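Work through the exercises below with the sequence and the model open. Each task is followed by a solution in steps.

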Amino acid sequence: QLQFVESGGGLVQPGGPLRLSCVASGGTFAYKGIGWFRQAPGKDHEGVSCINSRAGVTYHANFVKGRFTISRDNAKNTVYLQMNSLKPEDTAVYYCAAVQCWDRGTSKVGDGWGQGTQVTVSS
């Protein structure tokens with residue numbers, strides 16, 4: 001079963017960029033869809049973006065469309081989330097996970113979450 005380590009979070013001013021990384025181990029990464037989720041304080045996890053195994057399909061939730069871009073490097077077992085034009089409402093802990101990925105949505109596969117990486121957007 002794949003395990004994930006997220007990194008790249010931090011404190012950024014509104015309008016600024018961040019790039020998150022998700023490194024996978026312990027499974028056949030190249031054959032898995034991978035997604036990013038986030039959890040803001042007091043809220044449930046919500047799907048942000050996903051990318052299928054061949055990177056031919058990506059999905060971005062409406063609230064990040066045009067600002068976030070997901071990509072993957074199968075040689076490095078890594079998925080990236082480039083986040084631009086960040087807003088205070090993007091503040092959350094961001095997690096990656098194995099998913100089923102369609103062009104209209106994503107669904108997490110398996111149980112549990114990694115440690116995530118904190119993104120704080122504030123002036």
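Two strands pair if DSSP finds at least two bridges between them. Strands themselves (E, at least two residues) and helices (H or I, at least four) are DSSP runs, numbered from the N terminus. This is a predicted model, in which local features need pLDDT of at least 70 and side-chain atom pairs count only at pLDDT 80 or more, while totals for chains, interfaces and linings use all residues. Residues are numbered from 1 along each chain as its sequence is written, and side-chain values use heavy atoms, with hydrogens and water left out.

**Exercise 1. Pairing around E9**

Task: Find which strands pair with E9, and in what sense.

Solution: 
- Step 1. Start with E4: this strand runs antiparallel to E9, and 7 bridges join the two.
- Step 2. Go to E11. Its pairing with E9 is antiparallel over 3 bridges, and Tyr-94 has Thr-117 of E11 as bridge partner.
- Step 3. Take strand E10 (residues 105-108), which pairs with E9 in the antiparallel sense over 4 bridges. Here Gln-100 stands opposite Ser-107, and Trp-102 stands opposite Gly-105.

**Exercise 2. The largest nonpolar core**

Task: Which residues of the largest nonpolar core touch the most other members, and which element gives the most residues?

Solution: 
- Step 1. A nonpolar core is a set of buried Ala, Val, Leu, Ile, Met, Phe, Trp, Tyr and Cys residues joined through side-chain atoms within 4.5 Å. Buried means under 20% relative accessible area, exposed over 50%, and partly exposed in between (1.4 Å probe, protein chains only).
- Step 2. The core has 33 residues, and Phe-4, Trp-36, Phe-68, Val-79, Leu-81, Met-83 and Tyr-94 touch the most other members.
- Step 3. Elements that give two or more residues include strand E3 (18-25), strand E4 (33-39) and strand E9 (92-102). E9 gives the most, with 7 residues.
- Step 4. Compare with the burial of E9 as a whole: 9 of its 11 residues are buried.
- Step 5. Take Phe-4 as an example, with contact meaning heavy atoms within 4.5 Å. Beyond its neighbours within four places in sequence, Phe-4 is in contact with Cys-22, Val-23, Ala-24, Ile-34, Cys-96, Ala-97 and Ala-98.

**Exercise 3. The surroundings of Ser-49**

Task: Is Ser-49 buried or exposed, and with which side chain does its own side chain make a polar contact?

Solution: 
- Step 1. Ser-49 lies in strand E5.
- Step 2. Ser-49 counts as buried because its relative accessibility is 0%.
- Step 3. Its side chain makes a polar contact with the side chain of His-60 at 2.7 Å. A polar contact is a pair of N or O atoms within 3.5 Å; within protein, one must be able to donate a hydrogen and the other to accept it, and residues adjacent in sequence count only if both atoms are side-chain atoms.
- Step 4. Leaving aside neighbours within four places in sequence, the contacts of Ser-49 include Trp-36, Tyr-59, Ile-70 and Leu-81.

**Exercise 4. Aromatic pairs**

Task: How many aromatic pairs does a search of the whole structure find?

Solution: 
- Step 1. Rings of Phe, Tyr and Trp (its six-membered ring) pair if their centres lie within 6.5 Å; planes under 30 degrees apart count as stacked, over 60 as edge-to-face and the rest as tilted.
- Step 2. The search finds 2 pairs. Phe-37 and Trp-113 are edge-to-face, at 5.2 Å centre to centre with 70 degrees between the planes.
- Step 3. Phe-37 lies in strand E4 and Trp-113 in the loop between E10 and E11, so this pair ties together parts that are 76 residues apart in sequence.
- Step 4. Tyr-95 and Trp-113 are tilted, at 5.4 Å and 55 degrees.
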